[in-house]
Amino acid sequence: MPDAPTPEEPDPVGAHAAYLTVKHREGVVTWVARTETAPHLGLAVFTAPDEAAARALLAADPAVAAGVFVGRVQPL
């Protein structure tokens, strides 16, 4: 994501924050953080029954689905 969002980015980014909030309330997401400087990087720790479910959770993130953010699943 560049320093200044494009006109298409605010809605997916806002939806991303709302998505993580809902998943936190559901007990799926346990921790979220982002960097304040470039390169922009965020981390989310969440619980999923298997890697396929983790990938589905990531793919359902509105900002990932819109191509604004790129996600990666890293099993522990």
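**Figure 1. Confidence across the predicted model.** The protein shown here is a predicted model whose mean pLDDT is 88, with 91% of its residues reaching 70 or more. Among the elements of the protein, the lowest mean pLDDT belongs to α1, at 92, and the highest to α2, at 96.

**Figure 2. The largest pocket and its lining.** The volume of the largest pocket is about 1300 Å³, and 38 residues line this pocket, with His16, Gly42, Leu43, Ala44 and Leu58 lying nearest its centre. At least two lining residues come from each of α1 (10-25), β1 (29-34), β2 (42-46) and α2 (51-59). By residue class, the lining of the largest pocket comprises 24 nonpolar, seven polar and seven charged residues.

**Figure 3. Histidine 16 in helix α1.** Histidine 16, which belongs to helix α1, is one of the residues nearest the centre of the largest pocket. Histidine 16 counts as buried because its relative accessible area is 18%, which is under the 20% limit. Once residues up to four places away in sequence are set aside, the contacts of histidine 16 are with Asp61, Pro62, Ala63 and Phe69.

**Figure 4. The largest nonpolar core and leucine 20.** Five residues, namely Tyr19, Leu20, Val28, Val29 and Leu57, make up the largest nonpolar core. In soluble globular proteins, nonpolar side chains tend to be buried together. Leucine 20, a member of this core, is in contact with Val29, Val32 and Asp61 when its neighbours within four places in sequence are left aside; of these partners, Val29 also belongs to the core.

**Figure 5. Valine 45 in strand β2.** Valine 45 is part of strand β2 and, because its relative accessibility is 34%, falls between the limits of 20% and 50% and is classed as partly exposed. Apart from residues up to four places away in sequence, valine 45 touches Val28, Val29, Thr30 and Trp31. Between valine 45 and valine 28, which are 17 residues apart along the chain, the C-alpha separation is 8.6 Å.

**Figure 6. Threonine 47 in the loop between β2 and α2.** Threonine 47 is located in the loop that joins β2 and α2, and it counts as exposed because its relative accessibility of 54% is over 50%. The C-alpha atoms of threonine 47 and valine 29 are 6.5 Å apart in space, although 18 residues separate the two in sequence.

**Figure 7. Alanine 52 in helix α2.** Alanine 52 has its place in helix α2, the element with the highest mean pLDDT, 96, among the elements of the protein. Alanine 52 is classed as exposed because its relative accessible area is 55%, a value over the 50% limit. From the C-alpha atom of alanine 52 to that of alanine 66, which is 14 residues away along the chain, the separation is 20 Å.

How values were computed: Residues are numbered from 1 along each chain as its sequence is written. This is a predicted model: local features need pLDDT of at least 70, side-chain atom pairs count only at pLDDT 80 or more; totals for chains, interfaces and linings use all residues. Side-chain values use heavy atoms; hydrogens and water are left out. On a 1 Å grid over the protein atoms alone, a cavity is a set of points where a 1.4 Å probe fits but cannot get out, and a pocket is an open set with protein on both sides within 12 Å along at least five of seven lines; lining residues have an atom within 4 Å of a point. Grid points are joined across faces, edges and corners, and a volume is the space filled by probe spheres set on the points. Helices (H or I, at least four residues) and strands (E, at least two) are DSSP runs, numbered from the N terminus. Ala, Val, Leu, Ile, Met, Phe, Trp, Tyr, Cys and Pro count as nonpolar, Asp, Glu, Lys and Arg as charged, and the others, Gly among them, as polar. A nonpolar core is a set of buried Ala, Val, Leu, Ile, Met, Phe, Trp, Tyr and Cys residues joined through side-chain atoms within 4.5 Å. Buried means under 20% relative accessible area, exposed over 50%, partly exposed in between (1.4 Å probe, protein chains only). Contact means heavy atoms within 4.5 Å. pLDDT is the predictor's confidence in each residue, from 0 to 100.
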